[in-house]
Amino acid sequence: MARAKKLERKPLVAVVVTVLFFAWLYVPIFAVALFSFNDKKSLSAFSGFSTRWYVDFFHNEALLESLRASLLIALVSAVGSLVLGTMLAFGLERVRSRRGRVVGAITLLPLVTPEIVTGVAALLVFTGAGLKLGLDTVILAEITFSIAYVTVIVRGRLASFPLEVEEAARDLGCTPWQSLRLVTLPALVPALIASGLLVFALVFDDFVLAFFTTGVDPQPLPVRIYSSIRFGVSPAINAVGTLMLLVSALLIVAALMLPRLFKSRSSSLDLITGGERR
Amino acid sequence: MTPPTTGHAVSLRGLTKVFGGQTVVDALDLDVDSGEFFSLLGPSGCGKTTTLRMIAGFSDPTAGQVLVGGEDVTSTPPHRRDVNTVFQSYALFEHLDVRRNVGFGLRRKGIDKGEIDQRVGEMLELVELGDRVRDRPAQLSGGQRQRVALARALINRPKVLLLDEPLAALDLKLRHAMQAELKSIQREVGITFLFVTHDQDEALSMSDRVAIMNGGVIEQCGTPEDVYENPTSVFAAGFIGTSNLMPGVYASGTVAVTSDLRIPVPGHTTSVDGDQVSVAIRPEKIWMSDFTPAMVQTPGTIVSTSYHGATTQYLVSVGTGITLTVLEQNLPRMRADDRWNAGDRVEIGWLPEHAVVLR
C-alpha cells in the first residue's frame, strides 16, 4: 500500500498543539511519579529524594494483598477471555450466517456499554443468583467484559488469514485439529499476545467493574487505592500508582517486542493500532 | 523417484457439483494417465478449479466418483488422499522457514528426521533454492515462493500433483521461464501433473493432453496439436488461439458462407446438405502469396494492417460482413514497404484441409 505523502514542512501550530497536548497528558503523571520519591508527606513541595513510600508499600500487608489480588484477577481474566474470545472469533469468522452477524454485533456491545452499567448489571446478577462477592465474581465480570477485545483482535487476524493455508495443511496430511494447532494458531500468535496483554493491562487497573463486583477482602488494588484516598492522599498511593504505571509500560514494551522475537512480520500492536502496512 | 506406473492416476466418473441450484461441474468423466502432464483449460467459472478441489478433497461432489490410482477416494478426507496441491496463492506457512515448509508433509507422515533432511535438500536442489533453506517465505520473491509451493507438494511423491493456476501471479517473463522449468521437473520426477489454467499458451506448450472445459463440461480433450488443429466445437476453436469463424450452410462437400464464397471442406462426412454449420480457419493458415495449386483462393480487400513485431496481422474483407484475420510472419525479406495497406486488393488462399467444420 502506498504511503501517504508527508508534508515537507511541519506546520508550527500543529507542533505547538501537539507539545501542549502531551504536556497536559504526561506532566501530571510525571508529578505522581516524582512525588512518590518525596521524603516528606507533602504533595506540593518536593523536599528531598527518598524511597520511604516504596518501603512503606512493601510493608503494607493490606496493599500487597490487593496487588496480589489484582495480578491474579488480571492473569485469570486474560487467560479466560483469550480462550473464550478466540473460540468466539473462530465461530463468527468461519460460520457465516445471518444469526452469526447478529451475534457478532452483540459481541461488540460491551465495548460501547458504559462500564458503570455493566458493573451494576453484574452486581444485580451476582446478588440475584445468591453468589458471594469475592475475587471470583470480579474475574467473572472482567472476563465477560474482556471477551469482546479478544474477539475483535483475533477475528481481524483470522479474517486476513487465507483459508487456502489451512487447506494446504490438510493437503499435506494434517487432520483438521492438527492444521489448527500447527498452522492456524501459530499465525494467530501475534494477535493472541496482543489481546492477552491488552486484557491484562485493562483488567489490572480496572476500577469500575471491580468496585461493583468485589467483596470486602481482599480488595483489588484500584478499589483499595480509591478507598484510602477518601482518608487523605498518602504518597504511598503515588508509589503504588508509579508501580502500576511501570507494569503497564512493561506490558506495552512486551507487546511490541515479543512478535519481533517470534520473527513475525507485524508487531502485535499493529493489530490494535492498524499499524503500518507493507 | 518412483517410476510411473501404468493405469490411470486419476479417474472421474460422472463427477457433479451443484452450488446453490447451479450446476458448476456437470457429470464429468475423465481419465488421466500415470506420468501424464494433463491440463484442464477453460475460462473462469467453467468449473475447472471446482473439479480440482473435488479431487483434492476440499469440496464434496454432489454426485459421481473420484478415483486416485484406481482407488475410490470420493469420501476420503484430504489428509488421507495420495494427492498434493500447488495453490494459486501458494498458501505457504509464513511462520516456518523454507526447509520446514518443504518438509511439512513428510513430518506429518512420521518419516525420520535424517531422511526428511536429505529429501528436503534434494528437492530444494531440484527447484534451485538450495541457498534459501533458512529463509522465511516473506523474504522470498514471487518466483521463489512458487518454487517452495511446488517443492512442498512434490516431495510427498503423490500419485497426482494438482496445480491450480500456479503461474498466474508471476509476470510474463518469469511465467515463461517457469513453464519450461515446470515441464522439465515433471519429466524428471515422472509424477502425474493435473494442471488447471485459463492460459491457452501455457496449456498448449506444457501438456501431453489438454481438456477444454466450458460450463462444467469438457468440450474437447486431446493432445495440444489435436485440439488446436482439429477443434470440434465453436467454443474450442474460439478459446484456443484465434479462429476465423464463418457460419454457413453445408451443401455437397462445401459450406456456403455467402453466395460468392463457397468453402470446400473435403473429408467432412458428418453433415448432410442444408445443415447450419460454422467453418473455422486459423489466421496463420491463410496465405497472401506463394500459393500452391492445391489451395483454395479468393480475392479480398485489406481493411487494416497492424504490426506485431514477429508477425503482421491483416484484416481482410472477402465479402459483405465477412472479415478474416490473417497472420503473416515478418520474414527477413519483408520490409515495411512490402506490407499491404488498407484498401489494397489482395488474393488470399489456404489448403482445403485447414478449413474445419464445427457444429
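The legends below describe close-up views of a predicted model. Residues are numbered from 1 along each chain as its sequence is written, chains are lettered from A and ligands numbered from 1 in the order in which they are written, and side-chain values use heavy atoms, with hydrogens and water left out.

**View 1. Overall features of chain B.** Chain B contains eight helices and 19 strands; helices (H or I, at least four residues) and strands (E, at least two) are DSSP runs numbered from the N terminus. Its C-alpha trace spans about 75 × 50 × 40 Å along the principal axes. Of the 359 residues in chain B, 51% are buried, where buried means under 20% relative accessible area, exposed over 50% and partly exposed in between (1.4 Å probe, protein chains only). Among contacts (heavy atoms within 4.5 Å) in chain B between residues at least 6 apart in sequence, 66% join residues at least 24 apart.

**View 2. A five-stranded open sheet in chain B.** The strands follow the order S13-S12-S11-S14-S19, with antiparallel pairing; two strands pair if DSSP finds at least two bridges between them. Strand S13 (262-264) and strand S19 (356-358) of chain B each have a single partner strand, so one side of each of these edge strands is left without a neighbour in the sheet. On average, neighbouring strands of this sheet are turned by 45° against each other, direction ignored. Within the sheet, strand S11 (residues 244-251) and strand S14 (residues 276-281) of chain B run antiparallel and are joined by six bridges. One of the residues involved, B:Gly248, has B:Val277 in S14(B) as its bridge partner.

**View 3. The loop residue B:Gln139.** B:Gln139 is located in the loop between helix H3 (113-126) and helix H4 (142-154) of chain B. B:Gln139 counts as partly exposed because its relative accessibility is 48%. Its side chain reaches the backbone nitrogen of B:Arg136 at 2.8 Å.

**View 4. Packing of helices H5 and H6 in chain A.** Helix H5 (residues 115-128) and helix H6 (residues 135-159) of chain A pack at an angle of about 135°, with their axes 11 Å apart. Axes are lines fitted to C-alpha atoms, for helices over the stretch in contact, and angles run from 0 to 180 degrees between N-to-C directions. H5(A) and H6(A) are therefore oblique to each other; angles under 35 degrees count as roughly parallel, over 145 as roughly antiparallel, 65 to 115 as roughly perpendicular and the rest as oblique. A:Glu115, A:Ala122 and A:Phe126 in H5(A) meet A:Thr137, A:Leu140, A:Ala141 and A:Phe145 in H6(A).

**View 5. Packing of helices H4 and H6 in chain A.** The axes of helix H4 (residues 98-112) of chain A and H6(A) come within 7 Å and cross at roughly 125°. The contact involves residues of H4(A) including A:Gly104, A:Thr107 and A:Leu108, and residues of H6(A) including A:Phe145, A:Ala148 and A:Tyr149.

View 6. A:Thr214 counts as buried because its relative accessibility is 9%. Residues touched by A:Thr214 include A:Leu133, A:Gly134 and A:Val138, not counting residues up to four places away in sequence.

Methods:
Predicted model: local features only at pLDDT ≥ 70, side-chain atom pairs only at ≥ 80, totals over all residues. Polar contact = N/O pair within 3.5 Å; in protein donor to acceptor, adjacent residues only side chain to side chain.
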